[in-house]
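Thanks for asking me to look this over with you.

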2 protein chains.
Amino acid sequence: MPATPAWPPRSAPRLHVEADLGESITVPVDGNAAHYLISVMRVKDGDAVLLFNGRDGEWAARAADIRKRDLVLECMEQTKALEAVPNFWLCAAPIKKARIDMVAEKACELGVAKLQPVLTSRAVVDKLNLERLRTHMVEAAEQCGRTAVPDIGEMAKLDALLRDWPAERHLFFADELGGAPMRDAFAAHTGPAALLIGPEGGFTDQEREAIRAHSSAVAISLGPRILRAETAAIAATACWMASNGDWAE
Amino acid sequence: MPATPAWPPRSAPRLHVEADLGESITVPVDGNAAHYLISVMRVKDGDAVLLFNGRDGEWAARAADIRKRDLVLECMEQTKALEAVPNFWLCAAPIKKARIDMVAEKACELGVAKLQPVLTSRAVVDKLNLERLRTHMVEAAEQCGRTAVPDIGEMAKLDALLRDWPAERHLFFADELGGAPMRDAFAAHTGPAALLIGPEGGFTDQEREAIRAHSSAVAISLGPRILRAETAAIAATACWMASNGDWAE
């Protein structure tokens, strides 16, 4: 007797949607998403597509009514419950477009709950297209298997961020003047956390003083080499995930 | 009495050169490097430029004889000894251009000793421009303060790499079928190490079997999300550096 082929297959496309998902719900799809499924992935009637919306977990849906520019997806079964995302925020100063886009993509893959843009004195960029960052995160979530896209906060000024900081959340920051090795800092400070990364030019002395003086702040060291802002963000996020996040489970 | 300004200043440009460096040695510079110093960094006579060549540490040099397309740099004093680089190789399957360039840049910043391209069955790219990768690494070394550019190996086939593997070097590889959390794997296996990362499509079953069967291989887990090849390479390298490299010193 031949084995029953697994359904949905591992190669099924994954798609983030806004619609509710659940037993016998039908989701109409058009626009870019329909183009992707029909023309790029060549989805046929009956093929599986995995759907998630950040609220209802992941559902395997069956493609139907495929036309030139739209199709419908019928939810068949839940394939993943809504995941518990590690309680970790990445607070990053805006940097140039290609590099902040990379940070958004990698932050999503690595598992952050929230990306919080932070405006500091030396920022060379003072505006961010949050919609574009969200698009990169949606694509990363589709690719990496998350059932929710990370939240993105509105840009906050550093002093306001520090003033309104939730007391129970550790604020790790890479201090050029030195700090604890990440290994030790993360082991000593478990629980909700955030990582604060400055812009390419670093923090000013005054900013560094304000951060160091904050009761939630924990200075960390990222080693003897000078990391670019996006490298520091990705590297320290990965180290936190491996130490205190869900990579050790 | 005013404080003597520090020389060389922190803002001094850094430049990788091929020439020998040392007491009273003069290095002529032309081409792109001269254009960068003269037209981009606007270096004037007497300004400091930091030089390194991978052999003689870092030297502060003084700019002289600045003309339109060339200048000379006179070595004044050694500012860093040749660094001891963490004994870590990144063995990575080639992936698309922008993403492998990113891996080369980040590998250098993070501190790898060697980048070893590895050809596997599912590689979508089977040629690599090693000169271009090296250019990215030179720029990253100039930026991050290294005194040597990582070595780049010629592309090796996976079976040859495994056959000729140096027995004393741990070969960590991210196994989709599961492995030890990095935290535990790195703590249990100190000493010379390498990380093996497959292409976008992963290893074949046969390749995975061959790697698992190797006496130096240690399977690691990179968490519950599916990381892109370059994300896995950067994240696991950062975690090794923070745990077993020179980030904890």
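1. Start with contacts across the sequence of chain A: among those between residues at least 6 apart, 73% join residues at least 24 apart. Two residues count as in contact if their C-beta atoms, placed from the backbone, lie within 7 Å.

2. A word on the basis before going on. This is a predicted model, in which local features need pLDDT of at least 70 and side-chain atom pairs count only at pLDDT 80 or more, while totals for chains, interfaces and linings use all residues. Residues are numbered from 1 along each chain as its sequence is written, and chains are lettered from A and ligands numbered from 1 in the order in which they are written.

3. Chain A has seven helices and 13 strands. These are DSSP runs numbered from the N terminus, helices being H or I of at least four residues and strands E of at least two. The C-alpha trace of chain A spans about 65 × 40 × 30 Å along its principal axes. Of its 249 residues, 41% count as buried, that is, with 20 or more other C-beta atoms within 10 Å of their own, C-beta atoms being placed from the backbone.

4. How do the two chains meet? Here 30 residues of chain A are in contact with 30 residues of chain B. On the chain A side, the elements giving two or more residues are helix 2 (97-110), helix 3 (130-144), helix 5 (182-188) and helix 7 (229-243). Helix 7 of chain A gives the most, with eight residues.

5. Now the cores. A nonpolar core is a set of buried Ala, Val, Leu, Ile, Met, Phe, Trp, Tyr and Cys residues joined through C-beta atoms within 7 Å. The largest has 112 residues, of which Ala236(A), Cys239(A), Ala236(B) and Cys239(B) touch the most other members. Leaving aside neighbours within four places in sequence, Ala236(B) is in contact with Ala174(B), Met182(B), Leu195(B), Ile220(B) and Leu222(B). Another core, of 17 residues, lies apart from the largest one and includes Val27(A), Phe52(A), Leu73(A) and Cys75(A).

6. Finally, have a look at chain B, where five strands form an open sheet of mixed pairing in the order 1-3-4-5-2. Two strands pair if DSSP finds at least two bridges between them. Strand 1 (14-16) and strand 2 (26-29) of chain B are the edges, each pairing on one side only. Strand 1 of chain B pairs with strand 3 (residues 48-52) of chain B in the parallel sense over three bridges; Arg14(B) has Leu50(B) as its bridge partner in strand 3.

Key:
A residue is buried if 20 or more other C-beta atoms lie within 10 Å of its own, exposed if 12 or fewer, and partly exposed in between; C-beta atoms are placed from the backbone.
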